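Let's take a friendly walk through a protein chain together. Keep the picture beside you and look up each residue as its name comes up.

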Amino acid sequence: MSYNLLKGKKGIIFGALDENSIAWKTALRVHEEGGEFVLTNAPVAMRMGQINKLAEQTGAQVIPADATSLEDLENLIEKSMEILGGKIDFVLHSIGMSINVRKGRHYTDQNYDWTQKGTDVSATSFHKVMQTLYKKDAMNSWGSIIALTYMAAQRVFPDYNDMADNKALLESIARSFGYFFGKEKQVRVNTISQSPTPTTAGQGVKGFDGFISYADKMSPLGNASAMDCANYIVTMFSDLTKMVALQNLYHDGGFSNVGVSNEVMEAFTKDA
(Lines give C-alpha, C1' and ligand atoms only; values in the text may rest on other atoms or scores of the structure.)
Protein backbone atom coordinates (compact mmCIF):
# COMPACT_ATOMS: atom_id res chain seq x y z
CA MET A 1 0.00 0.00 0.00
CA SER A 2 1.33 3.44 -0.96
CA TYR A 3 0.82 6.62 1.07
CA ASN A 4 2.75 8.98 -1.24
CA LEU A 5 5.15 9.65 1.65
CA LEU A 6 7.99 10.56 -0.72
CA LYS A 7 6.10 12.33 -3.49
CA GLY A 8 8.36 14.97 -4.99
CA LYS A 9 11.45 13.78 -3.13
CA LYS A 10 14.68 12.83 -4.90
CA GLY A 11 17.69 10.86 -3.78
CA ILE A 12 20.56 8.44 -4.25
CA ILE A 13 20.54 4.77 -3.23
CA PHE A 14 23.91 3.05 -2.77
CA GLY A 15 24.39 -0.71 -2.69
CA ALA A 16 21.48 -2.41 -4.46
CA LEU A 17 23.08 -5.68 -5.59
CA ASP A 18 20.23 -8.15 -6.09
CA GLU A 19 16.70 -8.90 -4.92
CA ASN A 20 17.95 -10.01 -1.49
CA SER A 21 19.53 -6.67 -0.63
CA ILE A 22 17.92 -4.11 1.64
CA ALA A 23 18.88 -1.35 -0.79
CA TRP A 24 16.99 -3.16 -3.55
CA LYS A 25 13.86 -3.48 -1.42
CA THR A 26 14.23 0.16 -0.38
CA ALA A 27 14.38 1.29 -4.00
CA LEU A 28 11.14 -0.57 -4.73
CA ARG A 29 9.39 0.99 -1.73
CA VAL A 30 10.71 4.50 -2.44
CA HIS A 31 9.40 4.18 -5.99
CA GLU A 32 5.99 3.05 -4.70
CA GLU A 33 5.89 6.05 -2.35
CA GLY A 34 6.49 8.51 -5.20
CA GLY A 35 10.21 9.15 -4.77
CA GLU A 36 12.72 9.44 -7.62
CA PHE A 37 16.32 8.34 -7.32
CA VAL A 38 19.60 7.43 -8.93
CA LEU A 39 21.01 3.97 -8.26
CA THR A 40 24.73 3.50 -7.73
CA ASN A 41 27.20 0.79 -6.87
CA ALA A 42 30.87 0.03 -7.44
CA PRO A 43 31.60 -1.21 -10.98
CA VAL A 44 32.73 -4.62 -9.67
CA ALA A 45 29.52 -5.01 -7.64
CA MET A 46 27.45 -4.00 -10.65
CA ARG A 47 29.00 -6.82 -12.67
CA MET A 48 28.09 -9.28 -9.90
CA GLY A 49 24.53 -8.03 -9.41
CA GLN A 50 21.37 -7.17 -11.32
CA ILE A 51 21.08 -3.43 -10.79
CA ASN A 52 19.95 -2.72 -14.36
CA LYS A 53 16.88 -4.90 -13.78
CA LEU A 54 16.00 -2.77 -10.74
CA ALA A 55 16.54 0.41 -12.75
CA GLU A 56 14.02 -0.79 -15.34
CA GLN A 57 11.48 -1.62 -12.64
CA THR A 58 11.74 1.78 -10.98
CA GLY A 59 12.52 4.11 -13.89
CA ALA A 60 15.85 5.02 -12.29
CA GLN A 61 19.16 5.77 -13.93
CA VAL A 62 22.35 3.98 -12.85
CA ILE A 63 25.65 5.78 -12.25
CA PRO A 64 28.62 3.54 -11.42
CA ALA A 65 30.73 4.91 -8.57
CA ASP A 66 33.39 3.60 -6.23
CA ALA A 67 32.30 5.10 -2.91
CA THR A 68 35.92 5.21 -1.73
CA SER A 69 36.85 7.56 -4.63
CA LEU A 70 36.19 11.27 -4.15
CA GLU A 71 36.40 11.78 -7.91
CA ASP A 72 33.70 9.16 -8.50
CA LEU A 73 31.52 10.62 -5.75
CA GLU A 74 31.80 14.15 -7.12
CA ASN A 75 30.78 12.88 -10.56
CA LEU A 76 27.92 10.85 -9.04
CA ILE A 77 26.46 13.76 -7.11
CA GLU A 78 26.81 16.28 -9.94
CA LYS A 79 25.18 13.92 -12.45
CA SER A 80 22.47 12.93 -9.97
CA MET A 81 21.45 16.56 -9.50
CA GLU A 82 21.35 16.99 -13.27
CA ILE A 83 19.20 13.88 -13.74
CA LEU A 84 16.89 14.64 -10.81
CA GLY A 85 16.61 18.35 -11.57
CA GLY A 86 17.95 19.81 -8.35
CA LYS A 87 19.17 19.11 -4.86
CA ILE A 88 18.80 15.78 -3.08
CA ASP A 89 16.33 14.88 -0.31
CA PHE A 90 17.54 11.43 0.75
CA VAL A 91 20.57 9.15 0.59
CA LEU A 92 20.90 5.49 1.58
CA HIS A 93 24.39 4.13 2.30
CA SER A 94 24.06 0.34 2.18
CA ILE A 95 27.69 -0.67 1.68
CA GLY A 96 29.85 -3.13 3.59
CA MET A 97 32.75 -5.42 2.79
CA SER A 98 35.42 -7.36 4.67
CA ILE A 99 38.12 -9.17 2.74
CA ASN A 100 39.23 -10.83 6.00
CA VAL A 101 35.74 -12.35 6.35
CA ARG A 102 35.61 -13.31 2.70
CA LYS A 103 39.02 -14.97 2.84
CA GLY A 104 38.39 -16.70 6.18
CA ARG A 105 41.04 -14.81 8.17
CA HIS A 106 40.37 -14.86 11.92
CA TYR A 107 39.98 -11.61 13.85
CA THR A 108 43.21 -12.38 15.73
CA ASP A 109 45.13 -12.94 12.48
CA GLN A 110 44.11 -10.11 10.20
CA ASN A 111 45.74 -9.09 6.97
CA TYR A 112 45.92 -5.37 7.71
CA ASP A 113 45.93 -4.31 4.07
CA TRP A 114 42.60 -6.13 3.77
CA THR A 115 41.43 -4.57 7.04
CA GLN A 116 42.14 -1.07 5.77
CA LYS A 117 40.36 -1.73 2.50
CA GLY A 118 37.31 -3.01 4.37
CA THR A 119 37.28 0.03 6.65
CA ASP A 120 37.49 2.36 3.67
CA VAL A 121 34.60 0.64 1.90
CA SER A 122 32.38 0.00 4.92
CA ALA A 123 32.86 3.14 7.03
CA THR A 124 35.15 5.85 5.66
CA SER A 125 33.12 5.84 2.43
CA PHE A 126 30.18 7.18 4.46
CA HIS A 127 32.28 10.16 5.53
CA LYS A 128 33.38 10.67 1.91
CA VAL A 129 29.78 10.57 0.66
CA MET A 130 28.64 13.11 3.25
CA GLN A 131 31.67 15.34 2.82
CA THR A 132 31.05 15.50 -0.93
CA LEU A 133 27.34 16.24 -0.43
CA TYR A 134 28.21 18.86 2.19
CA LYS A 135 30.85 20.68 0.14
CA LYS A 136 28.63 20.76 -2.93
CA ASP A 137 25.64 21.93 -0.87
CA ALA A 138 23.76 19.12 -2.61
CA MET A 139 21.17 18.33 0.10
CA ASN A 140 17.85 20.10 0.54
CA SER A 141 16.97 21.36 4.02
CA TRP A 142 15.27 18.65 6.10
CA GLY A 143 16.85 15.98 3.93
CA SER A 144 17.66 12.56 5.39
CA ILE A 145 20.81 10.45 5.17
CA ILE A 146 20.72 6.84 6.39
CA ALA A 147 23.46 4.21 6.74
CA LEU A 148 22.84 0.57 7.57
CA THR A 149 24.67 -0.97 10.52
CA TYR A 150 24.54 -3.97 12.86
CA MET A 151 24.57 -4.48 16.62
CA ALA A 152 28.04 -6.07 16.48
CA ALA A 153 29.18 -2.45 16.79
CA GLN A 154 28.11 -2.65 20.46
CA ARG A 155 28.29 -6.35 21.36
CA VAL A 156 30.60 -9.24 20.55
CA PHE A 157 29.66 -11.54 17.69
CA PRO A 158 32.94 -13.46 17.24
CA ASP A 159 32.57 -14.42 13.60
CA TYR A 160 31.52 -10.92 12.51
CA ASN A 161 35.25 -10.21 12.58
CA ASP A 162 36.54 -6.76 11.59
CA MET A 163 33.11 -5.77 10.25
CA ALA A 164 32.19 -5.06 13.89
CA ASP A 165 34.92 -2.41 14.03
CA ASN A 166 33.80 -1.02 10.69
CA LYS A 167 30.22 -0.65 11.91
CA ALA A 168 31.36 1.04 15.14
CA LEU A 169 33.28 3.61 13.08
CA LEU A 170 30.33 4.02 10.71
CA GLU A 171 28.03 4.89 13.62
CA SER A 172 30.55 7.36 15.03
CA ILE A 173 30.87 9.08 11.65
CA ALA A 174 27.08 9.38 11.46
CA ARG A 175 26.98 11.18 14.81
CA SER A 176 29.99 13.41 14.21
CA PHE A 177 29.20 14.46 10.65
CA GLY A 178 25.49 14.46 11.46
CA TYR A 179 26.05 17.24 13.99
CA PHE A 180 27.50 19.57 11.36
CA PHE A 181 24.99 18.58 8.69
CA GLY A 182 22.14 19.20 11.11
CA LYS A 183 23.46 22.42 12.60
CA GLU A 184 24.47 24.10 9.36
CA LYS A 185 22.18 22.61 6.71
CA GLN A 186 19.19 21.12 8.60
CA VAL A 187 19.95 17.65 7.25
CA ARG A 188 19.39 14.68 9.54
CA VAL A 189 21.82 11.78 9.66
CA ASN A 190 21.03 8.43 11.32
CA THR A 191 22.02 4.78 11.25
CA ILE A 192 19.66 1.81 11.32
CA SER A 193 20.81 -1.30 13.20
CA GLN A 194 18.96 -4.06 11.38
CA SER A 195 18.28 -7.67 12.37
CA PRO A 196 20.62 -10.21 10.77
CA THR A 197 19.23 -10.40 7.24
CA PRO A 198 19.96 -13.05 4.59
CA THR A 199 21.47 -10.69 2.03
CA THR A 200 24.25 -11.80 -0.31
CA ALA A 201 26.82 -9.97 1.82
CA GLY A 202 25.41 -11.19 5.15
CA GLN A 203 25.50 -14.82 4.11
CA GLY A 204 29.27 -14.55 3.72
CA VAL A 205 29.72 -14.36 7.50
CA LYS A 206 30.64 -17.68 9.16
CA GLY A 207 27.77 -19.11 11.20
CA PHE A 208 25.26 -16.67 9.70
CA ASP A 209 22.39 -19.16 9.80
CA GLY A 210 23.02 -19.50 13.54
CA PHE A 211 22.96 -15.70 13.90
CA ILE A 212 19.54 -15.56 12.26
CA SER A 213 18.06 -18.44 14.26
CA TYR A 214 19.37 -17.14 17.59
CA ALA A 215 18.18 -13.57 16.98
CA ASP A 216 14.77 -14.81 15.90
CA LYS A 217 14.40 -16.79 19.15
CA MET A 218 15.62 -13.85 21.25
CA SER A 219 13.42 -11.19 19.64
CA PRO A 220 9.84 -10.91 20.94
CA LEU A 221 8.69 -9.89 17.45
CA GLY A 222 11.13 -12.11 15.57
CA ASN A 223 13.64 -10.86 13.03
CA ALA A 224 12.87 -7.86 10.86
CA SER A 225 12.97 -8.72 7.16
CA ALA A 226 14.68 -6.74 4.40
CA MET A 227 11.27 -5.39 3.34
CA ASP A 228 10.47 -4.40 6.94
CA CYS A 229 13.73 -2.44 6.95
CA ALA A 230 12.88 -0.82 3.62
CA ASN A 231 9.59 0.38 5.09
CA TYR A 232 11.42 1.86 8.07
CA ILE A 233 13.88 3.62 5.79
CA VAL A 234 10.97 5.13 3.87
CA THR A 235 9.60 6.63 7.10
CA MET A 236 13.08 8.01 7.87
CA PHE A 237 13.23 9.62 4.43
CA SER A 238 9.77 11.14 4.87
CA ASP A 239 8.78 14.37 6.59
CA LEU A 240 7.19 12.34 9.41
CA THR A 241 10.62 11.97 11.07
CA LYS A 242 12.02 15.48 10.56
CA MET A 243 13.39 15.81 14.10
CA VAL A 244 15.15 12.44 14.36
CA ALA A 245 18.91 12.96 14.08
CA LEU A 246 22.24 11.51 15.30
CA GLN A 247 20.53 8.28 16.35
CA ASN A 248 21.44 4.64 15.99
CA LEU A 249 17.96 3.20 15.53
CA TYR A 250 17.47 -0.47 16.39
CA HIS A 251 15.21 -2.25 13.93
CA ASP A 252 15.50 -5.79 15.24
CA GLY A 253 12.17 -6.98 16.65
CA GLY A 254 13.28 -6.01 20.16
CA PHE A 255 16.44 -8.17 20.19
CA SER A 256 18.67 -5.33 21.41
CA ASN A 257 16.78 -5.01 24.71
CA VAL A 258 16.34 -8.69 25.57
CA GLY A 259 18.72 -10.36 28.02
CA VAL A 260 17.39 -13.85 27.42
CA SER A 261 14.17 -15.27 26.02
CA ASN A 262 12.11 -18.26 27.14
CA GLU A 263 12.91 -20.05 23.88
CA VAL A 264 16.65 -19.71 24.40
CA MET A 265 16.36 -20.76 28.06
CA GLU A 266 14.38 -23.84 27.04
CA ALA A 267 17.04 -24.80 24.48
CA PHE A 268 19.76 -24.67 27.14
CA THR A 269 17.61 -26.54 29.66
CA LYS A 270 17.06 -29.35 27.17
CA ASP A 271 20.79 -29.59 26.55
CA ALA A 272 21.62 -29.64 30.28
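Predicted model: local features only at pLDDT ≥ 70, side-chain atom pairs only at ≥ 80, totals over all residues.

**Two pairs of helices**

Start with helix H6, which covers residues 112–135, and find H7 beside it. The axes of H6 and H7 come within 8 Å and cross at roughly 10°. Angles under 35 degrees count as roughly parallel, so H6 is roughly parallel to H7.

Now move to helix H1 (residues 22–32) and helix H3 (residues 51–58), whose axes come within 10 Å and cross at roughly 10°. H1 and H3 are therefore roughly parallel to each other. Here H1 contributes Trp24, Ala27, Leu28 and His31, while H3 contributes Ile51, Lys53, Leu54, Gln57 and Thr58.

Which residues make a nonpolar surface patch of about 290 Å²? They are Tyr179, Phe180 and Leu246. Phe180 is placed in helix H7, residues 163–185. With a relative accessibility of 43%, Phe180 counts as partly exposed.

**Salt bridges**

Side chains of opposite charge can pair when their charged atoms come close. The whole structure holds 9 salt bridges, and the table shows some of them.

| Salt bridge | N to O distance |
|---|---|
| Lys9 and Asp239 | 3.0 Å |
| Arg105 and Asp109 | 3.5 Å |
| Asp137 and Lys185 | 3.3 Å |

Take the pair Lys9 and Asp239, joined by a salt bridge. Lys9 sits in the segment before strand E1 (10–14), and Asp239 sits in the loop between helix H9 (226–237) and strand E7 (248–251), so this pair ties together parts that are 230 residues apart in sequence. Are these two partners buried or exposed? Lys9 counts as buried, because its relative accessibility is 13%. Asp239, at 43% relative accessibility, counts as partly exposed.

In the salt bridge between Arg105 and Asp109, Arg105 is partly exposed, with a relative accessible area of 26%. Asp109 counts as partly exposed too, at 43% relative accessibility.

Next comes the salt bridge between Asp137 and Lys185. This pair links distant parts of the chain: Asp137 is in the loop between H6 and strand E5 (139–149), Lys185 is in helix H7, and they are 48 residues apart.

Most residues other than glycine have a negative phi. Which way does phi point for Asp137, positive or negative? Although Asp137 is not a glycine, its phi is positive, at about 50°. Asp137 counts as partly exposed, at 33% relative accessibility.

Trp142 is not a glycine either, and its phi is positive, at about 65°. You can find Trp142 in strand E5. Its relative accessibility is 30%, so Trp142 counts as partly exposed.

Thr132 lies in helix H6. Residues under 20% relative accessible area are called buried, and Thr132, at 5% relative accessibility, counts as buried. What does Thr132 touch, apart from residues up to four places away in sequence? It touches Leu70, Leu73, Glu74 and Ile77. The C-alpha atoms of Thr132 and Val91 are separated by 12 Å, and these two residues are 41 residues apart along the chain.

Ser2 lies in the segment before E1. At 39% relative accessibility, Ser2 counts as partly exposed. Leaving aside neighbours within four places in sequence, Ser2 is in contact with Glu32 and Glu33. Finally, look from Ser2 to Val189: they are 187 residues apart along the chain, and their C-alpha atoms are separated by 25 Å.

How values were computed
Residues numbered from 1 in each chain as written. Heavy atoms only, no water. Patch = residues over 30% accessible without salt bridge, like charges linked within 9 Å, V, L, I, M, F, W, Y side chains within 5 Å. Areas by Shrake-Rupley, 256 points an atom, 1.4 Å probe, with all protein chains shown as cover. Salt bridge = Lys/Arg side-chain N within 4 Å of Asp/Glu carboxyl O. Helix = DSSP H or I, 4+ residues; strand = E, 2+ residues; numbered from the N terminus. Buried < 20%, exposed > 50% of the residue type's maximum accessible area, 1.4 Å probe, protein only. Axes fitted to C-alpha atoms, helices over the stretch in contact; angles between N-to-C directions. Parallel < 35°, antiparallel > 145°, perpendicular 65-115°, else oblique. Contact = heavy atoms within 4.5 Å.
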